[in-house]
Amino acid sequence: MKRLLVLGAGTAGTMVVNKLRGKLPRDEWQITVVDQRDVHYYQPGYLFIPFGAYRPDDVVKPTRRFIPDGVDLIHGEIDQVVADQNLVRLVDGTELGYDQLVIATGTTPRPAETPGMDEGEWRKSIHEFYTFEGATALGEKLKTWEGGRLVVHIVDMPIKCPVAPLEFTFLADAFFREHGIRDQVEMVYVTPLPGAFTKPIASKYLGGMLDERKVALESDFMVERIDPETRTLVSFDEREVAFDLLVTIPLNMGADYVARSGLGDELNYVPVDKHTLQSTQFDNVFAVGDASNIPASKAGSVAHFAVDVFTHNFLRHVAGLEMDEKFDGHANCFIESGGGKGMLIDFNYDTEPLPGKYPLPGIGPFSLLKETEVNHWGKLMFRWVYWNALLPGLDLPLPALMSMAGKEIPVERTS
Ligand SMILES: Cc1cc2nc3c(=O)[nH]c(=O)nc-3n(C[C@H](O)[C@H](O)[C@H](O)COP(=O)(O)OP(=O)(O)OC[C@H]3O[C@@H](n4cnc5c(N)ncnc54)[C@H](O)[C@@H]3O)c2cc1C
């Protein structure tokens, strides 16, 4: 028997085992997946918990439910990969051998990496919504918060779902309006980027949406430390931003065992070929989802499109054939904008988000870079799609590679 070992049963790892169990012969391939948790979190739902729109138990289900028959699920924490011996060691001492290894252990927020962040004011006036615990604690805080200076802040890129801090800001603006306290809240968006977002056209649209909502933008802000006593963010170039309530996105980093195993870059992401997801060091190691260093958004949609390409290539790879499909970094993100509306962006390594319609040219039903109610319903529907189609590895009628059909190139970009 040949052994496929998948590290991590989150979004990407679960899709990989579901897709491959149906395609690798059971009498030839044993498939094992390891995760330290026995529950699976729907992370896009963390955005809605602070505003009471989702309850905490809307986003959690047992991991086991999504692992197909014929795949062994091991509950344990990974300690190290010894890649030159094709071996993975767990913290409890268990050793697992493999012929092919898929690393899918994602990325997590690291508040301890910024001085002053997780000290006396952590979960009091300093909050985050990138973890289940953080989103729930922030929900409790917002229930009784009477207003003041709310600062939404990103420590550094890359972060998972890079639009989520903007969505949080738009939803917070709508939430304070609904509760009749918007005029008692001053809102500031603090980012290390030169504008509201990474790509120029989307950045212009999204920056305009911050202006409309009277949210001040503090750009190019590289935080050095947080002073919890004076409640101030301090940057390396000595700018200061005061807050009454800080909602920060801490530095995101890949799993520590990746670094211990000599498989990571400075943020513990696994260097891979950006088209095949194969490790640049070992031919029988792949990294899918947020764990890799591909220059795409760290998003469930990217994991989904990448896993489609990976599955095709992996089957060829183990059959001794050339991997002939090239992943293009396709990302597709709904952006909640408050008041029952949302936007959609669709882009890849080479093409930035553009206006237009998706997935059908001229018809949609979704509109790109435009706030519509249909986009909002798309975002809400996505939770059902995630649990019932995406994780079980069903084929969705969306091409893995980005298409230019339906996209409009703004006039100033064509000349
Ligand atoms: C607030 C928020 C909003 C988001 N919104 C969207 C959105 O609207 N659209 C979108 O596409 N994406 C969104 N995302 C991003 C999306 O959730 C992630 O990109 C996606 O889950 C990545 O999948 P993954 O499998 O790479 O990692 P994960 O799903 O995070 O899975 C990693 C798994 O590895 C396990 N693991 C890690 N280390 C170890 C270890 N040492 N030992 C054992 N197990 C380990 C973890 O327990 C976990 O189960 C959002 C994320 C957040 C936080």
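Predicted model: local features only at pLDDT ≥ 70, side-chain atom pairs only at ≥ 80, totals over all residues.
Let me begin with the ligand. A shell of 28 residues surrounds the ligand, and the closest are Thr11, Ala12, Asp35, Asp290 and Ser301. A polar backbone atom of Asp290 is 2.8 Å from an oxygen atom of the ligand. For Ser301, a polar backbone atom and an oxygen atom of the ligand are 2.9 Å apart. The protein covers 95% of the 1000 Å² of accessible area that the ligand has on its own. Which elements give two or more residues to this shell? They are α1, residues 11–21, and α6, residues 300–318. A nitrogen atom of the ligand, in turn, lies 3.1 Å from a backbone N or O atom of Gln36. As for composition, the residues of the shell divide into 11 nonpolar, 11 polar and six charged.

At its start, a side-chain oxygen of Thr372 comes to within 3.1 Å of the backbone nitrogen of Asn375. Asn375 is itself buried, and the buried residues of α7 also include His376, Gly378 and Lys379.

Now to the strands. In general, strands of a sheet pair through backbone hydrogen bonds, in either the parallel or the antiparallel sense.

The parallel case is an open sheet of five strands, ordered β11-β18-β12-β13-β14. Its edge strands, each pairing on one side only, are β11 (126–127) and β14 (215–218). Strand β13, residues 185–190, is joined to β14 by four bridges in the parallel sense. Within this pairing, Val190 has Glu218 of β14 as its bridge partner.

Strand β6 (residues 78–82) and strand β7 (residues 87–90) run antiparallel and are joined by four bridges. Val81 stands opposite Val88 of β7. The two strands form a hairpin with four residues between them, and Asn86 in the turn has a positive phi of about 50°. Strand β7 then pairs with β8, residues 95–97, over three bridges, again antiparallel. Here Arg89 is placed opposite Glu95 of β8. What phi does Gly93 take in the hairpin of β7 and β8? With four residues between the strands, Gly93 takes a positive phi near 95°.

Definitions and conventions. Residues numbered from 1 in each chain as written. Heavy atoms only, no water. Near = heavy atom within 4 Å. Polar contact = N/O pair within 3.5 Å; in protein donor to acceptor, adjacent residues only side chain to side chain. Areas by Shrake-Rupley, 256 points an atom, 1.4 Å probe, with all protein chains shown as cover. Nonpolar A, V, L, I, M, F, W, Y, C, P; charged D, E, K, R; others polar. Buried < 20%, exposed > 50% of the residue type's maximum accessible area, 1.4 Å probe, protein only. Pairing = 2+ DSSP bridges.
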